[in-house]
Amino acid sequence: MSRIRKAYETRFRHLLRQARARRLEEGLQRMLRRAQALSSKDGTSLAEALSHLDRRLTAALRRRRSVPQPAPARFFCDAGLGGLARWLRAAGWEALWQPAIDDDALIRAARQHQAVILTTDSMLMERRLLRDRIIPAFWLSPALGVADQLAQVFHEFGLVRGQPRCMACGGELRPVEKEALRDRIPPRTYRWLDEYFVCARCGKLYWHGTHWARIQRQLGRMTGS
Ligand SMILES: [Zn+2]
């Protein structure tokens with residue numbers, strides 16, 4: 001728990017600074033006490049109470065800014081958010097991800113690709129380029145599962161689902177005549193399905209079978225669309 005509490009402390013400091021709070025540490029302690037009170041009143045976990053306060057303060061700040069956040073062209077997920085990158089791609093969004101990428105390389109790559117950084121690392125949000133919004137970034141609580149992470153990103157940027165992309169690499173999926181893929185399709189699938197897609201980037205083969213349908217259903221639940 002202390003890891004999550006620590007992450008929220010850094011996060012709340014960041015939000016209070018953005019809100020130009022005069023007594024930062026006092027404000028922070030007040031928020032932590034409120035989370036504690038909320039958690040014992042509603043019987044929820046402290047992590048949930050912290051997440052609730054984070055969403056409220058973020059929403060209040062967004063209203064104050066009054067400029068709506070445009071939907072970004074692409075995202076760059078930090079090393080720990082590989083699962084989120086896969087689901088964003090399935091939902092039609094370009095999401096870059098590299099395992100074990102360090103902070104400096106991540107910032108450089110996001111800048112180069114004009115991508116919004118998605119991260120659970122509240123210390124990363126304190127880096128000057130991110131704090132000054134030179135590189136746009138969005139913080140996600142390390143307490144969230146991938147379904148809630150995806151829902152929050154959709155909510156924050158007002159995203160809608162688009163044409164699914166390759167979950168493995170994010171490449172575009174192109175329809176291909178099934179005859180051309182005969183040796184790659186399991187014989188039983190070949191008999192009952194006619195539509196096949198190949199990733200333009202990595203060559204991975206996809207078809208709208210039961211696995212595909214399961215992913216689409218799950219995506220619907222995760223994004224509420
Ligand atoms: Zn691919």
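Does Ala 100 count as buried or exposed, and how many C-beta neighbours lie inside 10 Å? With 6 such neighbours, Ala 100 counts as exposed, where exposed denotes 12 or fewer other C-beta atoms within 10 Å of a residue's own, buried 20 or more, and partly exposed the range in between, with C-beta atoms placed from the backbone. The structure is a predicted model, in which local features need pLDDT of at least 70 and side-chain atom pairs count only at pLDDT 80 or more, whereas totals for chains, interfaces and linings use all residues. Residues are numbered from 1 along each chain as its sequence is written.

The chain contains 9 helices and 7 strands, taken as DSSP runs (helices H or I, at least four residues; strands E, at least two) and numbered from the N terminus. Along the principal axes, the C-alpha atoms fill a box of roughly 70 × 40 × 35 Å. Of the 225 residues, 27% count as buried. Among the contacts with a separation of 6 or more, 54% are accounted for by residues 24 or more positions apart, a contact being a pair of residues whose C-beta atoms, placed from the backbone, lie within 7 Å.

Two packed helices are described by the angle between their axes and the distance between the axes. Helix α1 (residues 2-18) packs on helix α2 (residues 24-42) at an angle of about 125 degrees, the axes being 10 Å apart. This angle makes α1 oblique to α2, since angles under 35 degrees count as roughly parallel, over 145 as roughly antiparallel, 65 to 115 as roughly perpendicular and the rest as oblique. Axes are lines fitted to C-alpha atoms, for helices over the stretch in contact, and angles run from 0 to 180 degrees between N-to-C directions. The crossing of α1 over α2 is right-handed, meaning that the near helix is turned clockwise from the far one by less than a right angle, with anticlockwise giving a left-handed crossing. On the α1 side, Glu 9, Phe 12, Arg 13, Leu 16 and Arg 17 take part, and they meet Leu 24, Gly 27, Leu 28 and Met 31 of α2. By class, this contact comprises 5 nonpolar, 1 polar and 3 charged residues (nonpolar: Ala, Val, Leu, Ile, Met, Phe, Trp, Tyr, Cys and Pro; charged: Asp, Glu, Lys and Arg; polar: the others, Gly among them).

Helix α4 (residues 82-90) is largely enclosed by the rest of the structure, because 7 of its 9 residues are buried. The buried residues are Leu 84, Ala 85, Arg 86, Trp 87, Leu 88, Arg 89 and Ala 90. Their cover includes β1 (74-77), β2 (94-97), β3 (116-119), α7 (146-157) and α9 (210-223). The angle between α4 and α7 is about 55 degrees, with the axes 10 Å apart, and the two helices are therefore oblique to each other. Their crossing is right-handed. Gly 83, Leu 84, Trp 87 and Leu 88 of α4 make the contact with Val 146, Gln 149, Leu 150 and Val 153 of α7. This contact has 6 nonpolar, 2 polar and no charged residues. Gly 92, which follows α4, has a positive phi near 100 degrees.

Parallel strands β1 and β2 are joined by 4 bridges, and Cys 77 stands opposite Trp 97 in β2.

The other open sheet has 3 strands in the order β5-β6-β7, with antiparallel pairing. Its edges are β5 (173-176) and β7 (205-207), each with a single partner strand, so one side of each lacks a neighbour in the sheet. The twist averages 35 degrees from one strand to the next. Strand β6 (residues 196-199) is joined to antiparallel β7 by 3 bridges, and Val 198 stands opposite Leu 205 in β7.

Most residues other than glycine have a negative phi. Ala 100, in the loop between β2 and α5 (103-112), has a positive phi of about 60 degrees. Arg 133, in the loop between α6 (128-131) and β4 (137-139), has a positive phi near 60 degrees. With 9 C-beta neighbours inside 10 Å, Arg 133 counts as exposed.

How values were computed:
Contact = placed C-beta atoms within 7 Å. Pairing = 2+ DSSP bridges.
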